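Let's take a friendly walk through this structure, starting with the ligand and ending with a sheet.

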Amino acid sequence: MKSIEEIRADFPILSKKVYNKDLVYLDNGATTQKPVHVVNKIEEGYYNTNSNIHRGVHFLSQEATEAHENARKRVQRFLNANKSEEIIFTRGTTEAINLVVSSFGDKYLKEGDEVILSEMEHHANIVPWQMLRERKGIVIKVVPMNDKQELDMDAYKRLFTDKTKFVSITHVSNVLGTVNPVKEIVKIAHEHQVPVLIDGAQAVPHLKVDVQDLDADFYVFSGHKIYGPTGIGVLYGKENWLNAMPPYQGGGEMISHVSFDKTTYNELPYKFEAGTPDYIGSTALAAALDYVEEIGLDNIAKHEHELLEYATQELNKIPGMKIYGNAQDKSGVISFLVGKIHHYDMGMLLDKQGIAVRTGHHCAQPLMQALGIEGTVRASFGMYNTKEEVDKLIAGVKRVAMMFE
Ligand code: PLP
């Protein structure tokens, strides 16, 4: 296994100086940095194999097509999907959720039907459902949290009625780090014959996901949060659902035959991939997954957990410290506030010390409302963060706290 020094050497940006200080990058929940393997793959794609895929008979097009379809198989293996046709490339988590809401919602949901979300959802898993509510009059029900910011599973069970038609819940909260019991969530929904979408944006970079074991009907994630490029993401869907659902967007590639009288649609996965796909991004995403699996998700999880435990223990020693998210099962994210210091001030003053954290509502305003706050400071860890960086964060927070004393 690579040492942490070797891993860090694979990410050139980590040796950058900001304000003449070593960059301490603790904003991995927003996006991760990219290893040279991924950037090289993008360069190689544009320099060596670039050609529009699927439609070409020539050598380059066939080579590019093969690379794109191999990337699909790579994602299939990563998620342990049953078939590569169940892997749809999207622009990211947001587009993948919009695809399911639009396509499934158009065909299967009608006025009065109920969809279950949770209190800790990212806006990407709230707003598309609200837009569907405006179009169709569906009802959104919300699973509350307990005082450790874990989902209240008894309340979840009580939300089901004979009108419940869909459950859409995050695997890991981007604010709290809470790892939700998604296998149980799916099992309970299936007892009511209700399909489930799991938002895996904050899960796949940190823990091993097996969609067949989870039995999720849909599972979505973004490439850029797992050390891959921006602009590419994944929708996994069970073949029977994807086959039954109508296309999301119309255009080239998603058709089998077009005439002005009637158009027939292509088979999976192309039915859901209208237009030229990001075939460079898909191969770079595959390189990112290779990289992550070479390091090993178990090793990554263990390392990040050590950082989380250490950071939590030390931050909690700071007077006025309040950490939001105290779940038993938690990933490497710490959201906090210190006394009355505004999250924005804390973020700005940490930045001046070279420490990149995120501040604000983290695209989870309903969660902020439930917590009774406007925002938090969020430090989120990646595989390349070190204990020394956590020490810098702690020292930085202490310094800011002293300034406000
Ligand atoms: N879901 C969760 C839990 C997230 O954390 C994010 C991004 O922060 C998203 C969805 C949206 O991801 P993207 O902006 O890559 O589509």
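## Around the ligand

A quick definition to begin with: a residue counts as near a molecule if one of its heavy atoms lies within 4 Å of it. Keep in mind that you're looking at a predicted model.

So which residues surround the ligand? They are T93, T94, H122, A124, T170, N174, D199, A201, Q202, S222, H224 and K225. Sort this shell by type and you get two nonpolar, eight polar and two charged residues.

For T94 the distance is 2.5 Å, while for S222 it is 2.7 Å and for H224 it is 2.7 Å. On its own, the ligand has 390 Å² of accessible area, and the protein covers 84% of that.

## A look at T94

Where does T94 sit? You'll find T94 in helix α4, which spans residues 93–108.

Now for the strands. Seven of them make an open sheet with mixed pairing, in the order β4-β10-β9-β8-β7-β5-β6. At the edges are β4 (87–90) and β6 (139–143), each pairing on one side only. Ignoring direction, neighbouring strands are turned by 20 degrees against each other on average.

Strands β5 (residues 114–118) and β7 (residues 164–170) run parallel and are joined by three bridges. Across from V115 you'll see F166 in β7.

Terms used:
Residues are numbered from 1 along each chain as its sequence is written. This is a predicted model: local features need pLDDT of at least 70, side-chain atom pairs count only at pLDDT 80 or more; totals for chains, interfaces and linings use all residues. Side-chain values use heavy atoms; hydrogens and water are left out. Helices (H or I, at least four residues) and strands (E, at least two) are DSSP runs, numbered from the N terminus. A polar contact is a pair of N or O atoms within 3.5 Å; within protein, one must be able to donate a hydrogen and the other to accept it, and residues adjacent in sequence count only if both atoms are side-chain atoms. Accessible areas come from the Shrake-Rupley method with a 1.4 Å probe; for residues, only the protein chains shown count as cover. Ala, Val, Leu, Ile, Met, Phe, Trp, Tyr, Cys and Pro count as nonpolar, Asp, Glu, Lys and Arg as charged, and the others, Gly among them, as polar. Two strands pair if DSSP finds at least two bridges between them. Axes are lines fitted to C-alpha atoms, for helices over the stretch in contact, and angles run from 0 to 180 degrees between N-to-C directions.
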